[in-house]
Protein chains: 2
Amino acid sequence: MERINSKQNQRIKIVKKLTTAKGRKQQHQYLLESWHLVQAALVALPATDIVMIYATDDQYLEHGAALTDQPVTLISEAVAQELGDTQTPQGIFLVCKLPGAVSTIVPKGAWLLLDHVQDPGNIGTMVRTADAAGFRGVVFGTGTANPYHSKVLRAMQGSQFHLQVVQQALPTVIKQFQEHQVPIYGTELNPAAVNYRTISPQTDFALIMGNEGNGMDQALLQQTTNNLYIPIQGHAESLNVAIAAAVIMFRITAH
Amino acid sequence: MERINSKQNQRIKIVKKLTTAKGRKQQHQYLLESWHLVQAALVALPATDIVMIYATDDQYLEHGAALTDQPVTLISEAVAQELGDTQTPQGIFLVCKLPGAVSTIVPKGAWLLLDHVQDPGNIGTMVRTADAAGFRGVVFGTGTANPYHSKVLRAMQGSQFHLQVVQQALPTVIKQFQEHQVPIYGTELNPAAVNYRTISPQTDFALIMGNEGNGMDQALLQQTTNNLYIPIQGHAESLNVAIAAAVIMFRITAH
């Protein structure tokens with residue numbers, strides 16, 4: 001089994017580039033960190049999509065039994081530190097292929113559309129919640145953080161393997177839903193909008209969540225079937241965007 | 001107006017101690033950071049509860065008009081750095097009195113009970129969500145992060161001013177609800193538990209959320225009226241605890 005001890009190693013420098021959007025695009029791969037996510041990838045991905053697993057001795061001792069037949073390279077703690085996103089990385093990583101770009105969405109099932117959502121933790125949590133709510137896919141619109149950013153990956157907890165993750169401009173996607181007469185629900189912090197509780201549970205729809213500070217784009221709000229609002233009962237000014245998304249997703253999804 | 005330029009200043013050293021649980025207990029005060037939270041405190045608190053506002057020149061220039069009649073001490077950027085929780089603190093802080101300890105809860109309205117919840121962001125988000133859902137209070141049980149920890153405060157967004165925040169052992173609190181025949185709902189990741197959707201919306205109840213990794217304490221699960229479960233439709237293993245809390249809170253609260 002190969003071993004890499006130096007963070008100056010050429011291969012490590014290439015893998016390190018996967019922590020940037022540019023590097024991921026060039027290599028058409030992304031980097032997962034932590035045993036929990038590596039395990040999720042091993043369960044979900046075909047062997048041809050798994051490029052390499054990098055593990056420290058400690059991690060290999062602990063998880064080696066689950067890694068037979070997998071391509072593994074051993075790394076030093078220094079290399080783990082170099083590749084890791086946290087101060088004390090666990091020491092296990094997996095490089096896998098990026099899924100192919102989706103040009104046309106099939107507007108069946110429930111879809112979550114993200115409009116300029118910025119916080120990677122919020123985004124990842126929304127994808128994980130959409131997965132748990134039985135959604136078909138999540139569209140990352142323009143201005144929304146990259147789905148393969150380490151912090152998004154951590155919060156998604158592997159849900160990118162369970163539903164479709166698509167990067168596409170929202171006006172294009174909205175058009176696809178409109179052409180199939182599938183309802184599109186926007187969201188706004190506006191008591192004059194439609195109370196989300198009045199929407200009947202349904203199977204085919206798109207729900208759009210907007211930016212943490214500014215909400216949804218005004219032009220997009222004009223293109224929806226309805227714009228929904230969660231009435232605030234107490235004195236809080238608003239809800240966190242991932243919380244608001246969860247409350248609506250679990251309410252209007254039929255199952 | 002007084003000005004403090006050195007982080008070695010004795011008063012700054014004392015204020016800095018408010019970033020620890022011990023310091024807060026000894027001084028019976030806590031420290032808020034950022035204009036958003038300072039503003040929330042100024043709106044909510046009686047003047048007698050506001051001990052001091054510390055502001056850099058920049059922040060005072062920006063917000064001075066809203067701070068007339070308030071006790072203000074100017075501080076240097078170095079002092080702001082010393083007191084701040086983030087890498088680039090905004091430069092405005094408020095020291096206020098801790099609310100008095102609550103010995104007996106009045107079991108009316110909706111209450112959220114936190115059992116060994118650890119992540120400050122999750123906790124703060126749950127308090128903010130409980131506020132928005134019209135809850136009466138949140139009980140921080142044993143093993144739950146401190147409500148006045150800077151990261152909890154940041155995620156609460158000032159909701160501690162809108163509902164009761166109580167630190168008390170959960171068995172004591174549960175007893176108080178039981179004595180008044182008010183239902184107590186536990187939560188567990190167990191498909192054999194009661195589907196949360198079958199619970200009718202109601203006004204007086206307690207909802208318990210458990211630890212992120214281990215869920216609720218087994219002994220507490222025995223003392224509830226029902227234990228609720230959110231069915232997972234997709235392939236996600238679980239929901240984030242703050243997300244699960246939000247979905248249930250908005251579903252079973254009558255309003």
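Helices here are DSSP runs of H or I with at least four residues, numbered from the N terminus. Keep in mind that this is a predicted model. Now let's work through some exercises together.

**Exercise 1. Find which helix gives the most to the lining of the largest cavity.**

Step 1: Start with the search of the whole structure, which turns up 1 cavity of 30 Å³ or more. The largest cavity holds about 70 Å³ of space.

Step 2: List the lining. From chain A come A:Tyr196, A:Ala246, A:Val247, A:Phe250 and A:Arg251, and from chain B come B:Tyr196, B:Val247, B:Phe250 and B:Arg251.

Step 3: Helix 10 of chain A gives the most, with 4 residues.

Step 4: Sort the lining by class.

**Exercise 2. Describe the largest pocket by its volume, its lining and the classes of its residues.**

Step 1: The volume of the largest pocket is about 1200 Å³.

Step 2: Its lining has 30 residues, and those nearest the centre are A:Asp119, A:Gly121, B:Asp119, B:Gly121 and B:Asn122.

Step 3: Now assign elements. Two or more lining residues come from each of helix 6 (120-132), helix 7 and helix 10 of chain A, and from each of helix 3 (35-44), helix 6, helix 7 (150-156) and helix 10 of chain B.

Step 4: The classes are 9 nonpolar, 12 polar and 9 charged.

**Exercise 3. Work out which element has the largest share of the lining of the second largest pocket.**

Step 1: This pocket contains about 740 Å³ of space. Among the 38 residues lining the second largest pocket, A:Arg128, B:Leu189, B:Glu212, B:Ser238 and B:Leu239 are the closest to its centre.

Step 2: At least two lining residues are supplied by each of helix 3 (35-44) and helix 6 of chain A, and by each of helix 9 (218-221), strand 12 (226-229) and helix 10 of chain B.

Step 3: Helix 3 of chain A has the largest share, 5 residues.

Step 4: By class, the lining of the second largest pocket divides into 17 nonpolar, 16 polar and 5 charged residues.

**Exercise 4. Classify the aromatic pair of A:Tyr30 and A:Tyr148, then that of B:Phe135 and B:Phe205.**

Step 1: Over all chains, the count is 8 aromatic pairs.

Step 2: For A:Tyr30 and A:Tyr148, the ring centres are 4.4 Å apart and the planes make 45 degrees, which is a tilted pair. A:Tyr30 sits in strand 2 (residues 29-33) of chain A, while A:Tyr148 is in the loop between strand 7 (137-140) and helix 7 (150-156), 118 residues apart. Both A:Tyr30 and A:Tyr148 are buried.

Step 3: For B:Phe135 and B:Phe205, the values are 5.6 Å centre to centre and 90 degrees between the planes. Planes over 60 degrees apart count as edge-to-face, so this pair is edge-to-face.

Step 4: B:Phe135 is in the loop between helix 6 (120-132) and strand 7 (137-140) of chain B and B:Phe205 is in strand 11 (residues 205-209), so the pair ties together parts 70 residues apart in sequence. B:Phe135 and B:Phe205 are both buried.

Step 5: In chain A, ring pairs join A:Phe135, A:Tyr185 and A:Phe205 into a cluster.

**Exercise 5. Identify which residues touch the most other members of the largest nonpolar core.**

Step 1: The largest nonpolar core has 126 residues.

Step 2: A:Leu112 and B:Leu112 touch the most other members.

Step 3: Leaving out residues up to four places away in sequence, the contacts of B:Leu112 include B:Met126, B:Phe135, B:Val139, B:Leu207 and B:Met249.

Methods
Residues numbered from 1 in each chain as written. Chains lettered and ligands numbered in written order. Predicted model: local features only at pLDDT ≥ 70, side-chain atom pairs only at ≥ 80, totals over all residues. Heavy atoms only, no water. 1 Å grid on protein atoms, 1.4 Å probe; cavity = no way out; pocket = protein on both sides within 12 Å on 5 of 7 lines; lining within 4 Å. Points joined across faces, edges and corners; volume = space filled by probe spheres on them. Phe/Tyr/Trp six-rings, centres within 6.5 Å; stacked < 30°, edge-to-face > 60°. Buried < 20%, exposed > 50% of the residue type's maximum accessible area, 1.4 Å probe, protein only. Core = buried A, V, L, I, M, F, W, Y, C linked by side-chain atoms within 4.5 Å. Contact = heavy atoms within 4.5 Å. Nonpolar A, V, L, I, M, F, W, Y, C, P; charged D, E, K, R; others polar.
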